[in-house]
Amino acid sequence: MKYHSKISGLGYYVPDNIVTNDDLSKKMDTNDEWIQERTGIQERRHIIRGEDTTTSMGVKAAKIAIERSGVSKEDIDFVIFATLSPDYYFPGPGVLVQRDLGLKTVGALDVRNQCSGFVYAVSVADQFIKTGMYKNILVIGSEVHSTGLDMTTRGRGVSVIFGDGAGAAVLSRTEEEGKGILSTHLHSEGQHAEELALQAPGMGKRWVTDIIADNDPNDESYYPYMNGQFVFKNAVVRFSEVINEGLETNNLQVSDINMLIPHQANLRISQFIQQKFKLTDDQVYNNIQKYGNTTAASIPIALTEAWEKGKIKEGDLVVLAAFGSGFTWGSVIIRW
Ligand code: COA
């Protein structure tokens with residue numbers, strides 16, 4: 001018997017608290033025009049202290065995805081949680097989801113691949129289902145960025161871009177040929193690890209005793225660093241390559257794509273890809289305008305929204321593509 005995986009349920013959750021570009025301009029030297037022109041972002045969501053965490057948002061998104069999948073909680077047999085912003089340094093949020101959803105003592109895996117996290121997590125889930133090991137896998141991407149950003153003018157090149165939110169999918173076994181996930185493609189180039197990174201806390205950065213002794217709030221290594229233009233240049237090349245790789249593997253053409261869901265890094269990156277592949281507005285879904293870049297959550301949030309709006313139909317060719325810190329990048333080719 002040949003098994004495949006398909007997405008049987010989708011859900012997302014974003015905090016109610018909307019932070020506009022004007023709100024940010026009260027905290028740092030920035031403005032709505034600059035942010036919209038460079039990134040397309042109009043607003044993003046930030047959690048309210050004490051109300052949400054990376055795990056709690058993931059759980060909320062997961063509940064919706066499970067409900068829609070028709071799979072009972074008891075039949076979820078593995079959890080994969082992608083995030084760069086876990087509640088705890090360890091354990092990761094996968095086990096917290098197992099606990100908070102009241103799942104059986106199923107395995108829980110944490111994926112640390114930043115903006116490519118959801119694509120990596122889907123790929124892992126797909127392999128487990130293909131081998132016959134598991135039938136229903138809960139995949140979550142969730143991020144809290146707002147509590148870790150430098151909200152002063154020094155951090156403006158990074159902090160205006162990122163937002164909080166969560167998305168989830170249930171992947172289920174199918175025996176239908178040519179349906180579901182057709183292929184996944186993963187890459188990395190660690191040579192550029194420090195071009196988009198948060199170096200502390202990290203055991204390679206410093207000893208805990210040092211942190212306690214001279215915890216310096218001005219130490220920039222506590223905030224994410226991003227070489228924006230370098231990331232941009234690499235992103236547009238890698239997005240294109242990995243979309244082409246997925247299409248070629250399946251003997252498909254760009255014209256076969258019904259819906260491209262790019263990781264919501266920057267609207268300009270998505271538009272560049274759209275133009276390069278000559279895709280129409282109906283063939284690409286973007287929502288970075290409302291949510292900013294939510295890293296591992298961006299693809300499942302966008303995929304869920306597109307599906308909810310009826311933009312993805314049975315039989316459609318759906319392409320997911322991501323690029324981010326690591327550098328890592330990847331794509332997923334799905335026949336819906
Ligand atoms: N508001 C106003 N001015 C800002 C600003 C902000 N939020 N952030 C940076 N600036 C200023 C800079 O200080 C610089 O000023 P200077 O010319 O006086 O030195 C100027 O704007 C240009 O900065 P630069 O970093 O060169 O801008 P950019 O055109 O490269 O845009 C990014 C910056 C971050 C929007 C852009 O590089 C980008 O989107 N890169 C990709 C990021 C990405 O996708 N990351 C996620 C990957 S998963």
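A polar contact is a pair of N or O atoms within 3.5 Å; within protein, one atom must be able to donate a hydrogen and the other to accept it, and residues adjacent in sequence count only if both atoms are side-chain atoms. This is a predicted model, in which local features need pLDDT of at least 70 and side-chain atom pairs count only at pLDDT 80 or more, while totals for chains, interfaces and linings use all residues. Residues are numbered from 1 along each chain as its sequence is written, and side-chain values use heavy atoms, with hydrogens and water left out.

In the side chain of Trp34, an N or O atom is 3.3 Å from an oxygen atom of the ligand. Gln229 places a polar side-chain atom 2.6 Å from a ligand oxygen atom, and a backbone N or O atom of Gly228 lies 2.9 Å from a ligand nitrogen atom. The protein buries 72% of the 960 Å² that the ligand exposes when taken alone (accessible areas by the Shrake-Rupley method with a 1.4 Å probe).

The shell around the ligand holds 23 residues (a residue is near a molecule if one of its heavy atoms lies within 4 Å of it). Thr30, Arg38, Gly228, Gln229 and Asn266 are the closest. The helix α8 (228–249) supplies the largest share of this shell, 4 residues (helices are DSSP runs of H or I with at least four residues, numbered from the N terminus). By class, the shell has 11 nonpolar, 9 polar and 3 charged residues, where Ala, Val, Leu, Ile, Met, Phe, Trp, Tyr, Cys and Pro count as nonpolar, Asp, Glu, Lys and Arg as charged, and the others, Gly among them, as polar.

Note on methods: Helices (H or I, at least four residues) and strands (E, at least two) are DSSP runs, numbered from the N terminus.
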